[in-house]
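Welcome, and thanks for taking a look at this structure. Please keep the view open while you read the notes below, which go topic by topic.

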Amino acid sequence: MTPQDDAEYSATALGSHWIVRPEEDRTLVEQGTGQERPTRPDRVEGTVLRFGPGVTAAVAHRTHPALAAAPPSPAPAPRRPRRHALPALVVLCVLAYLAWPRLGPPLAVRTAAVTARPAVLGCDGTAHVTGLVTTNGRPGTLSYRWVRSDGTASGVLKEKTVRGQKQARLRLRWTFQGTGHHTARAELRILSPAPRTLTTRFTYDCP
């Protein structure tokens, strides 16, 4: 180059093709493709290239290991109600005792018989007629009626039995007056728990 050429040289005529750019950074690998992608600079000022904070920090931020999740705490074991077990058992026993008369078998008549004393009645005497009823010992009510041979009858009578009571005595008193000879008949009609009829006879003798 001649001095004349140096005088005509102007730095402003320096084209952009004279700028030597740094080689492209191919260290970043695109995630999932396995291909390299060049990193573009933020801006160009003459021959100085300025880049941002860089991909290293961003990649490090994305690849920061996640904190391991803490295992859940075990649930507390349920508390067993031991303190109220004995009172509850006592209450159940009392309820069963009270409910037994209703939950058990009903009252039933096993045998029944009627007798009159005395067998021969004198003047102006009273005959004692007794009906002896044997049950199964269950509590309940016996319904019955007395019917006499003179045409009279009692109303419906009731005899209550308690638990464990296996016998019930049903009584009739029949009084006679005047003279004469008469054969009397007394009839016991059990209405419930099961219908049953029993009869006895005695003699009234007054000369």
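Three helices and ten strands make up the secondary structure of the chain; here helices (H or I, at least four residues) and strands (E, at least two) are DSSP runs, numbered from the N terminus. This is a predicted model, in which local features need pLDDT of at least 70 and side-chain atom pairs count only at pLDDT 80 or more, while totals for chains, interfaces and linings use all residues. Residues are numbered from 1 along each chain as its sequence is written, and side-chain values use heavy atoms, with hydrogens and water left out.

**The chain as a whole**

- Starting at the N terminus, the order of elements is α-β-β-α-α-β-β-β-β-β-β-β-β.
- Of the 207 residues in the chain, 19% are buried; buried means under 20% relative accessible area, exposed over 50%, and partly exposed in between (1.4 Å probe, protein chains only).
- The chain has an accessible surface of about 16,200 Å², and carbon and sulfur atoms account for 57% of that surface. Accessible areas come from the Shrake-Rupley method with a 1.4 Å probe, and for residues only the protein chains shown count as cover.
- When contacts between residues at least 6 apart in sequence are taken, 60% of them join residues at least 24 apart. A contact here means heavy atoms within 4.5 Å.

**The five-stranded sheet**

- Five strands form an open sheet in the order S4-S10-S9-S6-S7, and their pairing is mixed. Its edge strands are S4 and S7 (157-161), each of which pairs on one side only.
- Two strands count as paired if DSSP finds at least two bridges between them. In general, strands of a sheet pair through backbone hydrogen bonds, either parallel or antiparallel.
- Strand S4 (residues 120-121) runs parallel to strand S10 (residues 196-206), and two bridges join them. Val-120 has Thr-203 of S10 opposite it.
- Strand S9 (residues 180-192) is antiparallel to S10, with eleven bridges between them. A hairpin of three residues links S9 to S10.
- Glu-187 has Thr-199 in S10 as its bridge partner.

**The nonpolar core**

- The largest nonpolar core holds 25 residues, and those with the most contacts inside it are Val-129, Val-133, Trp-146, Phe-176, Leu-188 and Phe-202. Such a core is a set of buried Ala, Val, Leu, Ile, Met, Phe, Trp, Tyr and Cys residues joined through side-chain atoms within 4.5 Å.
- Two or more residues of this core come from each of the strands S3 (109-117), S5 (126-135), S6 (140-148), S8 (167-175), S9 and S10.
- Which residues does Phe-202 touch, leaving aside its neighbours within four places in sequence? Among them are Ala-116, Pro-118, Leu-121, Val-129, Trp-174, Phe-176 and His-182.
- In soluble globular proteins, nonpolar side chains tend to be buried together.

**Salt bridges**

- How many salt bridges does the structure hold? There are two salt bridges, each being a side-chain nitrogen of Lys or Arg within 4 Å of a carboxyl oxygen of Asp or Glu.
- One joins the side chains of Arg-148 and Asp-150, at 3.2 Å from N to O. Arg-148 is partly exposed at 24% relative accessible area, and Asp-150 is partly exposed at 42%.
- Another links Glu-187 to Arg-189, whose closest N and O atoms are 2.4 Å apart. Glu-187 counts as buried, at 13% relative accessibility, whereas Arg-189 is partly exposed at 35%.

- Leu-86 lies in helix H3 (residues 85-103) and is exposed, with a relative accessible area of 60%.

**Backbone details**

- Most residues other than glycine have a negative phi, and most peptide bonds are trans.
- Arg-117 and Pro-118 are joined by a cis peptide bond with omega near -5°, and Pro-118 sits in the loop between S3 and S4.
- The peptide bond between Ser-192 and Pro-193 is also cis, with omega about 15°; Pro-193 belongs to the loop between S9 and S10.
- Asp-124 has a positive phi, near 50°. This residue, Asp-124, is in the loop between S4 and S5 and is exposed at 52% relative accessible area.
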